[in-house]
Amino acid sequence: MAKVPAAAVAASGLVGGYAVARWTKKRPLGGVALAAAGSVAAYEWNLQAGPRAAAGLTAAYVAAFAGSHPLAKKVGAWPAVFAVAGGVAAASWAVTHRAA
């Protein structure tokens, strides 16, 4: 069975969570999307790189979500979301490919 690309799942969770919250005008629904993708990514990170890497990348995912809010005040909402999603995807790729 093919591995799920955790970097893509994590980035999609950040972008998708914001998109759902914005377009439905229901922030909790965006949070559900964010958490669901984060859970899948964490599961894959654990399989691909182990529990320590998964914990670190999960912390980075949560920090990216939190950090996107103040960043959005400086550069705008979508650019902030894309920036943090790209950062998490790059970190995920780097950690999981080093472990492989």
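This is a predicted model: local features need pLDDT of at least 70, side-chain atom pairs count only at pLDDT 80 or more; totals for chains, interfaces and linings use all residues.

Colleague: Why does Ser 92 count as buried?

Modeller: Its relative accessibility is 0%, and buried means under 20% relative accessible area, with exposed over 50% and partly exposed in between (1.4 Å probe, protein chains only), so Ser 92 is buried.

Colleague: Which residues is Ser 92 in contact with, leaving aside its neighbours within four places in sequence?

Modeller: Contact means heavy atoms within 4.5 Å, and by that rule Ser 92 touches Ala 6, Ala 7, Trp 45 and Leu 57, once its neighbours within four places in sequence are left aside.

Colleague: What makes Ser 12 partly exposed?

Modeller: Ser 12, which is in helix α1, has 46% relative accessibility, so it counts as partly exposed. Ser 12 and Ala 85 are 73 residues apart in sequence, and their C-alpha atoms are 7.5 Å apart in space.

Colleague: How do you know that Ala 55 is partly exposed?

Modeller: Ala 55, in helix α3, has a relative accessible area of 46% and is therefore partly exposed. Ala 55 and His 69 are 14 residues apart in sequence, with 22 Å between their C-alpha atoms.

Colleague: Why is the pair of Tyr 18 and Trp 78 called edge-to-face?

Modeller: Rings of Phe, Tyr and Trp (its six-membered ring) pair if their centres lie within 6.5 Å, and planes under 30 degrees apart count as stacked, over 60 as edge-to-face and the rest as tilted. By this rule there are three aromatic pairs. For Tyr 18 and Trp 78 the centres are 4.7 Å apart and the planes stand at 80°, so the pair is edge-to-face. This pair links distant parts of the chain, Tyr 18 being in helix α1 and Trp 78 in helix α4 (residues 77-99), 60 residues apart. Tyr 18 is partly exposed at 22% relative accessibility, and Trp 78 is partly exposed at 23%. Ring pairs join Tyr 18, Trp 23, Trp 78 and Phe 82 into a cluster.

Colleague: Why are α1 and α3 called roughly parallel?

Modeller: Axes are lines fitted to C-alpha atoms, for helices over the stretch in contact, and angles run from 0 to 180 degrees between N-to-C directions. Angles under 35 degrees count as roughly parallel, over 145 as roughly antiparallel, 65 to 115 as roughly perpendicular and the rest as oblique. The axes of α1 (residues 6-24) and α3 (residues 51-75) come within 11 Å and cross at roughly 25°, and the two helices are therefore roughly parallel. Their contact is made by Ala 10, Gly 13 and Leu 14 of α1 with Tyr 61, Ala 64 and Phe 65 of α3.

Colleague: What makes α2 and α3 roughly antiparallel?

Modeller: The axes of α2 (residues 27-49) and α3 come within 8 Å and cross at roughly 155°, so α2 and α3 are roughly antiparallel. Among the residues making the contact are Leu 34, Ala 37 and Trp 45 of α2 and Leu 57, Tyr 61 and Phe 65 of α3.

Colleague: How do you know that α1 and α2 are roughly antiparallel?

Modeller: These two pack at an angle of about 175°, with their axes 7 Å apart, and are therefore roughly antiparallel. The residues that meet include Val 9, Leu 14 and Val 20 in α1, and Leu 29, Val 40 and Trp 45 in α2.

Colleague: Why does Lys 25 count as exposed?

Modeller: Lys 25 is found in the loop between α1 and α2, and at 72% relative accessibility it therefore counts as exposed. Lys 25 has a positive phi of about 60° although it is not a glycine, and most residues other than glycine have a negative phi.

Technical notes: Residues are numbered from 1 along each chain as its sequence is written. Side-chain values use heavy atoms; hydrogens and water are left out. Helices (H or I, at least four residues) and strands (E, at least two) are DSSP runs, numbered from the N terminus.
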